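Hello,

Here is the structure I promised you. Please open it, then read my notes below.

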Amino acid sequence: MDAFQWLYSDTVKDHFTNPRNVWNPDEVFVADAEGVVGNIKCGDQMMFLLKIKDDIITDLRWKTYGCASAIASTSMLSETVKGMEIRKAYGIKPADIAAKLGGLPGNKIHCSVLGDKALRAAIDQYLEKRGRAGEFKGEDSVVICTCLNITDKDIETAVKAGARTWQDLQEATKIGTVCGGCKVKAEELLHEFVHIYF
Amino acid sequence: MKDFVYMDYNATTPLRPEVREVMTAAFDIYANASSMHEAGRRARAEIEKARASVAALVGAPDPGTIYFTSGGSESNNTVFMTMYDLGRKGARRKILTTAIEHPCVMNSAAYLAEEGFPVVYLPVDSCGKVDMDSYRRELTPDTLFVSVMAANNEIGTIEDVREMAGMARAQGAFFHTDATQAVGKIPVSVTDWGVDYLTMSCHKLYGPKGIGALYVRKGAPITPLVRGGHQENGVRAGTYNNLGIIGFGKAAELAAVDLPSFSARVRNLRELLKKELTSRIPHVKVNGHPTDVLPNTLNLSFPGAEGESILLSLDLEGIEVSTGSACASGSLEPSHVLIATGVGPELAHGSIRFSLGKYTTEEEVLYVAEKLPPIIARLRRMSTLSPVAPACAN
């Protein structure tokens, strides 16, 4: 997909101009869980509100201060996970959403990860409230970037998908783009995984 | 209404028909302007005619002080290369520039800093004017060179080049101004301003891309960036770009004639756009200087709405603008210019630059004024940030 075409793929344009499940502030929406990630310093912020019954996402709303890719991909994500079991929704990756949109240009992938992170943050909150904290993270997974809720598993996945440098890792996960406090630890892990796998 | 409303003239301008006509004819002027034969001499004569037009546009009495380059970036790089050369051999090494320069100056300065030159990026105030106290303080006897843009490309603020050049001269430092955005929009005079070097670019003047010029005051040192043959008195090698230079000459000639009427007309349109948008959209911040501003440039911030989303929403309506948002630039950092003015990240990410031009009409301005308010309202409704009105003096 070239730079001229991307906005005009009918799917991206449709989701950008007519995003699904956006929370209109006039609407009363009582949520069971809420997740907010991102920081205005980096230019984007995302919020997810979820209604959950028997571990099924029965309804949801979201809001963003973000670019067109963030809007389109979060709209698509919201459609995808509505009616989905939370464990399955938790496992959805930004790449899955980008594929559903017909692909995003390389420099726009990083804009599309916030929705996924906000959704996971909301599910984490739901689990935490019910004494089930960390249930979907796997026993050995550790949160490295507390601002964006990025785990060592996420870093491992990014490395397996091709990330080799800190910049690659940031593009793939947005890690360390808020407070930056995790950089030393995350870089250690990055090098470790690169060493292990390649 | 045309298919597109183009409001990105600071990025580049379309070729004006008179220039296109001259260039079309110039396709036949193929001879090497360095050749001694008749065809070569004819080509050379055209080039010298163009040089005189460019010199006149910037008030240079001697056309021999104008050197053609490939554009603004090359002109700026040539000046920094010259200073690198001087600084490495001499005692004066300090370089002053500003926090709001174009990337080609920023990165040239950064290169010299890497090479051990002391480089100071002078801060600007909230309107984008260079802080004169800092300038006075930093302009020490070891200062080799000062580079300050004449007018800023993003917010349009016009710097006090004449005053700053005079201060540099009194201190024995060389003074360069990147006048890429100023030439053709405001009166520019190398003699009145008293600068040693001045950068200009042709494609901002309704002429072709790939051609620009550097004014070098007679007697000021200059080191070639491109070495080779004897073209441009050995300052800039490479076979003459007949087509570009001839197009530049015509564009410069017309820009000089048009300047008073152009700036008056475009200023009125800018004021109309400003009035319409600030009255129809709540919580708008006008960036840049309230009066010392390019007549065609209007930079606005819309808190609560992200710039790339605004830009692409306008794009879908056929309106072409630019933004200081990080997302549009492919980095995590928003406009360094807006950040330097202290507006904060939210207003920088939510900024839109409207740059008007020769072909902008009142109808187009009103079309934008009609299309933008619902776009901002829609993005604000879905935003996690509320549109808080920033304190705004202008």
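The contact between the chains takes 24 residues from chain A and 19 residues from chain B. Two residues are in contact if their C-beta atoms, placed from the backbone, lie within 7 Å. On chain A, β2 (44-53), β3 (56-65) and α2 (68-81) each supply at least two residues of the side that touches chain B. β2(A) gives the largest share, four residues. Helices (H or I, at least four residues) and strands (E, at least two) are DSSP runs, numbered from the N terminus.

A note on the source: this is a predicted model, where local features need pLDDT of at least 70, side-chain atom pairs count only at pLDDT 80 or more, and totals for chains, interfaces and linings use all residues. Residues are numbered from 1 along each chain as its sequence is written, while chains are lettered from A and ligands numbered from 1 in the order in which they are written.

Now chain B. Its helices α2 (residues 38-57) and α8 (residues 242-280) pack at about 35 degrees, with axes 8 Å apart. (Axes are lines fitted to C-alpha atoms, for helices over the stretch in contact; angles run from 0 to 180 degrees between N-to-C directions.) Among the residues that meet are B:Ala43 and B:Ile47 from α2(B), and B:Ile245 and B:Phe248 from α8(B).

Chain B is assigned domain 1 (5-12 + 259-381) and domain 2 (17-255). The bounds come from an automatic or database domain assignment. The C-alpha centres of the two domains of chain B lie 28 Å apart. In their contact, 22 residues of domain 1 touch 26 residues of domain 2. α8, β10 (297-301) and α11 (336-340) of chain B each give two or more residues to the domain 1 side.

Best wishes
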